[in-house]
Structures are given as structure tokens and as C-alpha cells.
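Please open the structure below in your viewer and keep the selection panel handy. We will go from stop to stop, selecting as we go.

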Amino acid sequence: MTGANSFSVSGYGPRRAGWTRVFARDSLARRLDWPILLAALALSAIGSVLVFSATRNRTEINQGDPYYFLLRHILNTGIGFALMIGTVWIGHRTLRTAVPLLYGASVFLILMVLTPLGTTVNGAHSWIVLGGGFSLQPSEFVKITIILGMAMLLAARVDAGDKPYPDHRTVLQALGLAAVPMLIVMLMPDLGSVMVMVIIVLGVLLASGASNRWVFGLLGAGAAGAIAMWQLHVLDEYQIARFAAFANPSLDPAGVGYNTNQARIAIGSGGLTGAGLFHGSQTTGQFVPEQQTDFVFTVAGEELGFVGAILIVLLLGVVLWRACRIARETTELYGTIVAAGIVAWFAFQSFENIGMTLGIMPVTGLPLPFVSYGGSSMFSVWVAVGLLQSIRVQRPMSA
Amino acid sequence: MTNIPETGRTPRVQIRLVVIQILVLSLLGTLGGRLWYLQIREGDEYAKEASGNHVQQVVDPAVRGSILDARGVPLADNETRLVVSASRTDLLKMKDDGKAVLAKLAGVLGMTPKEVTEKVRLCDAKTPQPCWNGSPYQPIPITDEATAKQALQIRERAEDFPGITAEPQAVRRYAAPGKANTAQVLGYLSPVTDEEITKAQDTDSPYLRSDQVGRSGLERQYDKELRGKAGVTRYEVDNLGRVIGQAEADAAQPGSNLVTSIDARVQRVAEYELHQAMKTARKQFDKITGENYKADSGAVVVMEAKTGRIVSMASAPTYDPNAWVGGISAKDYKRLTGKDSNYPLLNRAIQGQSAPGSTFKVVSTAAAVEAGYEWDGGYPCTSSYSVGGQVFKNFEGENFGPISLGRALEVSCDTVFYGLADREWKKDGGINPKKGEPKDYFYKAAHQFGLGKETGVDLPNEVTGRIPDRRWKEAYWKANKDSWCKTGKKNGSYVEKIAYENCLEGNKMREGDSINYSIGQGDTLVTPIQEAMIYGALANGGTEYVPTIGKAIVSADGKTVKEIKPKVKARLPISPATHKGMDKALAGVVTSGTAAWKFQGWPQDKIELHAKTGTAEVYGKQTTSWLATYSKDYTIVMTISQAGTGSGASGEAVRNIYSALYGVQADGSIDHKKALLPTPQKTLPKIKADGSIAIPKIAKDPAKELRPGKKGVTQPGGQQVPGTAPTATTANQNTRRRRRGKGSRRMLT
């Protein structure tokens, strides 16, 4: 049955693809997951307003043009949207064949970061400057290729009908595939991205149906590793303090503690309805650092208040809820694993990003999907949306 | 979770997907809950914090008002120093955080760039001095000793020195015009304490950390008026302290000027004469103790008789009040307050108290008249007066036979007053009077004269003096009887015997107490200011005025003038006839009485002087000299501790002060041109709208100039009006700070 399905769609694929396919009745447009698309667009729109509010006065970074970041954010969203369309067009199954290439390319890119081509931003050596004000953060794309690569390996034999679950060898292979880029990212060091990748790996393993032993084993290994790092003083005192400062800002009052404190003041002072767009004193006074990227949520908290902030959380909820449904409803394990990986990624990254501004998670440099300023992040999340749509579109028209 | 598709999908995956979904939901729920907690529950708290975050205050200190003498000569004013300061907020706006500007500034000021950068860095736990300890929003002073040339370089090229200001700033200065020190009257300033800052925080005039507060003298008494009101500007700032908007601004209001009734010239003469009198006394041999007089301290008060205004007030030993400016050094502080210092900070005119001796007899005379004794009755002035085996001697054993009250006052006959006081004591019931019976005329009179409590002079920490009446005796006995009864011995030393007697009946008014009291001995204590108040009242016909130094408070621009009017305190309890008699008797003291030998050749027909001398005995010390005098305009009281008799120690000095006031020459002629103040100064000095004051001429040293026969460098011509003073005009022509302080700058040099 899966085989037939797969055949029927890809059979239409290359030759008859095109606008006909999009406009055909009961076809693509009907099968798209509109809630995800609309929620993602709404988040991007809110994001551009927030980015504008955060940057219009920051003359030292916006080159004297208050619209500098706004325009770029809109451009990024547009490119991201195009990438999504391209992804749907190509289809996740076609992409499956290109996974080795994509994986290899992304690993190559993050290796480039470690060469002198890479640039350090905020302590993480994770950027490649392209010139003209553009730069690339390859670790964002690695998240996708890890999902795709692991899904390809784990689903191969199950989707072929050979086995009900991936066997140990396959799981090991998949873990190895994820481990290589994760180690490189850890060297940057970009601990935030590594954390996201760990969660992605966990989500992927869970969805693949891999033995419970792997899941719990991985969790246990993670915990043991963390304890060992702490006990064996692998990290310096200040690194631990910085990590713990989210809960107790006085541990690092000039550094992370300052960020945490100011972010919390910004959000808390918003109250129910906020100070009004462009009227937040914390935002205007630039008390919160990195406000257009990692701390963009504080702008919403201060200027739009509880109403605006909860709207963002709800919109993210819509994306995640629909993504979960897609994971559940698709018939082939490959699609399920990809969707579940994206859910794990979006969910954790959103929780971590908003959580750190609220002082319940440690401060790391992670963008808020769709909302934060940043091309690489924007492109990768929209590609992910394209993957979700593709999975949704290509599921059997059963039921 | 419901529709497991017919894909042959195993339930394991499906269940795990549901678990993922639930986890995702709970994460979102956590965020929602936390948002509610921060924004709704704690929202107000954070809103408050946010507003504190972005509003910063910059306080512009008010210039302290000057203290002027009656003619406008500044006794305390502000010296202008050129202070170069840097605004951190401006520097941080530059690309290199202002490094280039500071380096350039270092070149101008002749400092190294390192020195300058160290001065503007903020202090924290890791930064050693030098560093800036104050608010980062306050301009940080780099030097307060910039020359006019340096200031000009900075101001003329303002575009090359963004964020750098070179402004004159006011520093308190006690100018001592004409060498009139006036230290204890002026008082001093010292830095504000943390406690005071906290207390004044929310008032309309908060203190700055750099503020100085008046600690004694006029600086303290009129601190509020002199201090003015600091200007507060509230800025909205961003995270780097860069100003993004000005919220509110209250301009600084400079402090008002205090015009006093002190005349700097007379003040100098009084200080000089007191000093000379003490120096002379130290050369005199004291027969009783067998050594020269110590003359360790003294005070003189010159008061307008008809208003109670103080023309001069001097206390010795004295000090230079400029020692306090810019923070007193530990060494100076020890010198001024240490055990061996003899406490020069004390204003002995209001804080020194001693037995008044015979100057008290005006009170006793008034009491006798009140008690019904005839003015012209014949009271025996014997050479001694014996009571129960105790012999009270007349001063130097003189015997005048029966005399009138007036004559007794004039010749200062102790035995007359012994007799009267003793009779009254007996009339009141002796040692055990009936309750409510004793009339206590002699004690009542003292209270009516205003003794035993503060005069109310406008200076802080005035002492009360003491009238040893029954109430005081009772209280004093209660406080001390335990130690008296412990140390007292019936047949011990003098002190032990006294303690023994005090233990037994120290709470009672004994015969000897009353007798001693009548001539101002024993436990009676008065202050020079009290004496001045009493003799001033005798001069003006019987009205006691509250002594005042402040004459008017004039705003910095001279527009509002709040006059401090003379205040009547009491009427002396004497009839016009008694007053006339006393007046005549006291004039007699000058012409033929105890002070006559010091006033020979005085033009008494033109300027009638009245005086009463006093020589008070203090157990274990040399006698305290008192001389209380008055003319029709002034009263002068001088006292010197351990200096012998009143006329002997102070006669010449007091006469010299009168000579200076009225222009009396050595030969007794009067040179009106040389008179410093033949009638009290009535008009207030003019303060112009720009704050400048027309300062009258003052000699370099009025005391030397007036002393005939003594060489003094006289310098005719005073100072010019400050508004046109040419000094330091290069900098900051228009600031308000300049026009004060500048005026009398060269007066000293």
C-alpha cells in the first residue's frame, strides 16, 4: 500500500508537475495545511514589527537607517517562503534521495566555520560572513539535515516492510550520523544549537519506534555526561555561574545576569496590554541586549503585554499542534520521523528562547522561530514548514 | 491518538507521538503560566523597576550664599576655582569611548592620558583609586586647579572637546576682611553624612554626596537659607546612560545671602584688643597664686544697645575657619578639638560661662529696691561682714561707712550687699523656710533679668548660665549627694569639708550661699552675651532685646529682602528712678570708681560711658575678670579668664574699642573721620540683581590703623565692586557662580 501510494504521487511527479498540480481541484492547494502556513506567516509578520521596534533607534547597528532590519527581515521571510514552496515542489521524498548530498554540504559548511572564514559573534564561533551585511549560520541548516539523514536511515528498512522497528545497527548508524555535526558545533562552541540537536535526536528516536533502551540509554548518558562535566570541573566556575545565572542573576550580574534581569523587567513591565508598540522604555532605552534576535520576545512582552506575548505562544502552539497531527497521520515512517523531528526542534527551541527571557531557562543564543531576526534561522524554519507541507500533501487521501 | 491509520503502523510509534504531543503542550503551558506570573501578577513591580531603570537624576548644586557684614563686606563667601570635568555619557557616545578627547585634554592640562582616564573610570571592587565614586551621570571633575588659560583653551575649542566642561565652581572661603577672623561666629561646614542624605532624600532640597552642611555658628543657624536649592534634572536614559529625552528640570536656586550686624572693622578691633589684653595680662604678676596670670581664654561682645544687634563678637583662643574648607585634615582636627587645644571651636561669648563677680551687682541692686530698700538709705559699707563665725570680706578691705545703694554700686561695696541679702535670707525663714513663704527677691530679680536661660541669640548651642536658686540647689543636691556623702569628711581637707556640708544640707539655701550670691560669686554662672543683654538694657532705658547677629536674608539677586527685626525679650524689673540712679552710679564707676584709672582723659562730657567691673573668684584658679560697659549706642562686655581684675585686665582694651567706634584720639579729642561706627549701621548693603555687592572700603588692618603710636601698615582704599573685578574673566563670563566669590578675592592679597 505504501508502495502504491508512493508510486502514484511520484508518478505524476516530474513531467506533470507544475501549476496544474497546484490549481487542480482536490489537489495541492486543498491538501496544504493552512493553519501551519497562516500561523507561520502571522509569526513572521509580528516578528518584523518587533524587529523594527527593537532596531529603529539602534543607530550603532542599523547604519543610520531605521528600516534596515525591517526590510531585511521581510526579505528573509520572502526568501524563506520561496524556499518552502521549493521544498513542497520538490517533495520530501525526492529530497530523500538527495539527503547524502545535503548532509555532506551542511557538514562541509560547519567545518568551514572552524576555519579562519568563520566569525565569532557573542562568544560563539558559528558564523560565516558573506559580505554585504549577510552572514550565514550553518548550524541552522544542520538541524534539518540531521533530521532528514536520521529519518532516511531509520525509516529505510521499516518503510520497506522488512522490520517493524529500526534495529540496533541502524540506530547506531543514525546516531553516528547525528554525532559528527554535533561534535563540530560543540567545538564552536554553540551549546544552544547542540542542545536543540540533542532534543531533535531524542524526538527522532522516539518517533522511529527504536527500542526504549536507546531512548532511556540516551537520556541516562546525557544526564551522566552533564554530572561528569560538573563534577570533574571540565567547565570553569564562570561558565557554571553563567549557566545558572538565569535562576539567580546575581551570579553573573554584569553578564548573563544582566540580560536575564533586564529581559524580565521588560516583560514584567508590559502588564496585560503592554506599553504600546514603540513605547516600551526598556526597548527604546536598549536595556535588553540582542533584542532583535535572541531576545525579540521581550519586545512583545513589553510593548504588546500579556495579550501579545500569549498570542505568539498560541501561534507557535498552532504550528506545533498541526505538525504533531501530520506526524501522526502520515503513513510512512520517514514522514513521521521528519515531522516529529521538526516538532522536537521547534518546540524545544521556542521553549528555550522564550523560557530564557522569562528566566526559567538558561541563556543561550537561540533564535525564536519565524520571529527573531536572522536569515539562516528564517530560511531553515521555512524549509521545515515546506517539509511538513510536503508530508501532509503526499499522505494518502485516505479516510 | 484516535485514528490509528490502517497502515500497519505499530502502536508503539503512535503512542510515542502522543507523548511528544503532550510534552509539547505542557511546555507551551509552562510558558503561558510563567507569562501570567510575570506580567499579570508581578507586573506592577516590574513596571516600577523599569521606570527606575531609565530615569536618571542629575543634580546641579546650588551656590551657597555669602555671609556679609553690616556694610556688605563678605565674611564668608565662595572662592571660584576652575574645575574641568568630563561627562561620561558624552564620552561613551564616541566611537572610541572618548579616548582621543581625553588624551587631548591631558595635553592641555599637562597631565598624562593615563592620569585622566583613571580619573573618569568608575570605582568598583576591582578598581583602585583614583576612580570616580559618584554617579556616572554627574560630570566627573578631572582637576579643580585649572588655570584660566587652560579653561580658555577648552572652552574656545568646544568642538574639539565634546563632553568636557571647564567651569568655575564655588568653594567656601572665609575671607577675614581687614583681618577680622570671626571664626566662632561664622562656624564652619563639613561634608554631609549618609544619614542626612537619606533624611533629605525625598524633600524638595535633597543633598548631594559632595554637599557641605553648616556645623556651627551662623553657617549652621542659617544653613537652610544659605544652602539654596539644588537643581534637579531628570533624564530618560538608555542602557549606556545616553540621554534619550529630558523628563523634568528644576533650575538650581542659589542660596540667599545673610547680612549680619557684624562690622568687620569693629570685629577686627575687638579681636585684636582681646588678644592684646590677654597678652598684657600674661605679663602681670598675680600676688595670690604667686605667678603671672594665665589669661587662657576670653570673650568680648559689642552690641547695639537699642536693638540687641551684635556688632562684634570675639572669642579667644581662636582658629582659622579655612581649615575646614575642602575637608579638615586629621592634624588640624586634633589641633582644634584635642585635649591640649583649649577648645578654640568654642564661642566663649555664648558658650563660656563663669561667675559674674561684681558685674552682677546691678541685679542685686534692682532686687534690693524691689525688696523695699530705699535707694538713698544708709547702708553700712564695713570692711567685713561676719556670719556665724564666717567672715566675708569687702574687696581689699575697704570701708566707706553708711552709703546709698547707688554709691554701693559705684564703689562696688560687697558688705552692703552681704547685709541686704542676709536680711532677706533671714526674712525668708533662714535655713528652713516655710513652704511657699520665701520671697527670694535676689533670685527672682536674676530670672527677671533673663539670667539662667539662653538669651536666644541666633547661634546654635548657646549655654544657659546658672542661677543657684532653691530649685537648682535641690536638683543639684539630688544628682550629687551620693558622691558628696561618699567623699565628704567632717575634718578633712577643704574639698572634703565642703562635700561633707553639701551632703548634709546641700539642698538647702544656706546663709553663706545667699551672701555669696549677692555679689555674683558662688555657684552663679553667666555668659558674656547675657551680660551684654543686661547692660544693653540699662543703656537703652530698660528694654532687653534678644541678641541677634543676622540682620537680613537677601536673595542672591538682591530682590527679596527678609529683614530680621530686633525682638524685645523683656523689660528690666526696675523703675525709671532706679534706672536713673543706676545709670548715674555706673557713670561714676568710669569717672571716679573702680574703672576710673583706665578711663582718664576720656571725653566723658561728649561720650558718656558707664561701666561695672567684676572680679570673680574661682576655686583653684586665678580670678576671672569682667568689664561690662555701655555708652548710649553700644554696650561692650569683655571677660578674660584667669586675668585678675576687670578694669586691670580689660579696661584699656574696652576703651580702645570705644575709641575706634567713636574716633576718640589719644588726647581725648574726637576725630569724626576716624570713627568707625559712631552710630549703628542702619541701612542694609545693596545687592545688585546680578548678585554683585558694592563693597565699602576696608583698611588692611583697622586695629593697627587706629592704635595711636603703634606702627601699622595702613592701606587706604578698599576693594572695587566685584561686578567689574578683572580676575579670571577669561572663563565663563555669564555663569551665576562667577559673580559671587569673585568679588572680594583680592581683598586679602
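Keep in mind throughout that the model is predicted.

**Stop one: where the chains meet.** Select the contact between chains A and B, to which chain A gives 44 residues and chain B gives 35 residues. On the chain A side, α9 (191–208), α12 (256–270), α13 (281–284), α14 (296–329) and α15 (333–357) each contribute two or more residues. Colour α14(A) next: its 13 residues are the largest share of this side. By class, the side of chain A that touches chain B holds 23 nonpolar, 18 polar and 3 charged residues.

**Stop two: a helix pair in chain A.** Now show α9(A) and α15(A), whose axes lie 8 Å apart at an angle of about 145°. The crossing of α9(A) and α15(A) is right-handed. To see the contact, display residues including A:Ile199, A:Gly203 and A:Leu206 from α9(A), and A:Ile337, A:Ala344 and A:Phe348 from α15(A). The contact of α9(A) with α15(A) comprises 15 nonpolar, 5 polar and 1 charged residues.

Centre on B:Val300: beyond its neighbours within four places in sequence, its contacts are B:Ala270, B:Leu274, B:Ala314, B:Ile636, B:Val637 and B:Met638.

Conventions: Residues are numbered from 1 along each chain as its sequence is written. Chains are lettered from A and ligands numbered from 1 in the order in which they are written. This is a predicted model: local features need pLDDT of at least 70, side-chain atom pairs count only at pLDDT 80 or more; totals for chains, interfaces and linings use all residues. Two residues are in contact if their C-beta atoms, placed from the backbone, lie within 7 Å. Helices (H or I, at least four residues) and strands (E, at least two) are DSSP runs, numbered from the N terminus. Ala, Val, Leu, Ile, Met, Phe, Trp, Tyr, Cys and Pro count as nonpolar, Asp, Glu, Lys and Arg as charged, and the others, Gly among them, as polar. Axes are lines fitted to C-alpha atoms, for helices over the stretch in contact, and angles run from 0 to 180 degrees between N-to-C directions. A crossing is left-handed if the near helix is turned anticlockwise from the far one by less than a right angle, and right-handed if clockwise.
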